[in-house]
Every structure is written in C-alpha cells, then in structure tokens.
Amino acid sequence: MKQLYVKQKVFSAAEKFTVRDNDNQIHYYIKGSLFNAPKTFEIQDAQHNIVAQITKKVLAFLPKFIIESRNNPTVEIKKELSLLRPHYTFSPQNITVKGDLFEMNFSILNKNEEIATIHKKILSWGDAYEITILEQQDSEDSLNNEILVVGLVVAIDYMLAQDSSQV
C-alpha cells in the first residue's frame, strides 16, 4: 500500500499540483495549460519527464477527457447528463469508480479489483487529496496504476471545479 498526497498550488495562474509521499518526497508534478485550447495537463515524474498527458476534448457536448500514458491503455472520461449529482463513464469499461465523486471520496477499480481510494481533505488551503494505491503483485502494474489514478483524480477534480464555477 502506498500513500500519495496531491496538493494544488493556490497562487498559480495555471493549475499546478505536486504529488508527494508520506516522507514528503515529490513523485509527480502536474501542470495545466493556461490559455491553450484544448485544455491539457502534463503529469511529470520527479525528474520532470512527462509520463502522461490529460487532454480535454474541445468538440464535445459534455466534458470529455483523454488520459494517455506510455504503458497504460488510453482512458476516456466522459461526463453524462445528470440532474443532481455528476455521473461519469469510463472507457475502456474495465475502469469503474465507486463512491461519492461530488465529495471526492471514492474508489477506483480496474477489472473489478480495487486499485486505489481517494479522499478529499476538507480543511486545506487549496484542493488536497489523499490517494491510497493498493500494491499489485507486479511492480510495473503498480506504477501504471499510480499514474492512471493520479490522472483520473486531476481530470475529475477539473470537471467538478468547472461545474461549481458555472453555478
């Protein structure tokens, strides 16, 4: 089991996050584009190598994001039309989310196996999340799941922030 902490920088023109572990060591930097269309986020490792990119699709009726990384299949997150609570679908269909996305307290499953849990920190300056990555037997699978989960958290956080700014 691995704990990661995602913290958004409050005074930043573009969305910027750092992802740290229990020992406060940086695992990833996340940098959002400022004026680019489409909106993109880069996930960089501690050495600033790009390990994944998140892109918002421009010509979509409802928000849709694509997460692309080297060793993971491309994942699409699409917001569905919903009246009360946000609802998202994931493609490929082996990725599912259980829990409360609106409150950012949920689990991510891959092929019906829980790979991570996410909890939003309530009393925090800026958005902050605690991610628990469940270790896989294959260390490469664990790293791939880690990158996938960080990408999903960033995309869902952005979609929820956009929803709340339009209210």
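Of the 167 residues of this protein, 44% count as buried, where buried means under 20% relative accessible area, exposed means over 50%, and partly exposed lies in between, with a 1.4 Å probe and protein chains only. Before I continue, please note that this is a predicted model, in which local features need pLDDT of at least 70 and side-chain atom pairs count only at pLDDT 80 or more, while totals for chains, interfaces and linings use all residues. Residues are numbered from 1 along each chain as its sequence is written, and side-chain values use heavy atoms, with hydrogens and water left out.

Let me stay with the whole protein for a moment. The protein exposes about 9,500 Å², and carbon and sulfur atoms supply 51% of that area; the areas come from the Shrake-Rupley method with a 1.4 Å probe, and for residues only the protein chains shown count as cover. Taking contacts between residues at least 6 apart in sequence, 33% join residues at least 24 apart, a contact being heavy atoms within 4.5 Å.

I turn to the secondary structure. The protein has 1 helix and 12 strands; these are DSSP runs numbered from the N terminus, helices being H or I of at least four residues and strands E of at least two.

Two strands pair if DSSP finds at least two bridges between them.

Strands β9 and β10 pair in the antiparallel sense over 6 bridges, and Thr96 has Leu109 in β10 as its bridge partner. Strand β10 (residues 105-110) is in turn joined to β11 (residues 113-120) by 6 bridges, again antiparallel. Here Ile108 stands opposite Ala116 in β11. The two strands form a hairpin with 2 residues between them, and Lys111 in the turn has a positive phi of about 55°. Next, β11 pairs with β12 (residues 128-133) in the antiparallel sense over 5 bridges, where Lys120 has Tyr129 in β12 as its bridge partner.

Finally, the salt bridges. How many does the structure hold? There are 3, a salt bridge being a side-chain nitrogen of Lys or Arg within 4 Å of a carboxyl oxygen of Asp or Glu.

One of them joins the side chains of Lys2 and Glu146 at 2.8 Å, N to O. This pair links distant parts of the chain, with Lys2 in strand β1 (residues 2-8) and Glu146 in helix α1 (residues 139-165), 144 residues apart. Lys2 is partly exposed at 24% relative accessible area, whereas Glu146 is buried at 4%.

Another joins Glu15 and Lys39 at 2.4 Å, N to O. Glu15 lies in the loop between β1 and β2 (16-21), and Lys39 in the loop between β3 (26-32) and β4 (40-45), 24 residues apart. Glu15 is partly exposed at 21% relative accessibility, and Lys39 is buried at 11%.

In the remaining salt bridge, the closest N and O atoms of Lys121 and Glu130 are 3.6 Å apart. Lys121 is partly exposed at 39%, and Glu130 is buried at 18%.
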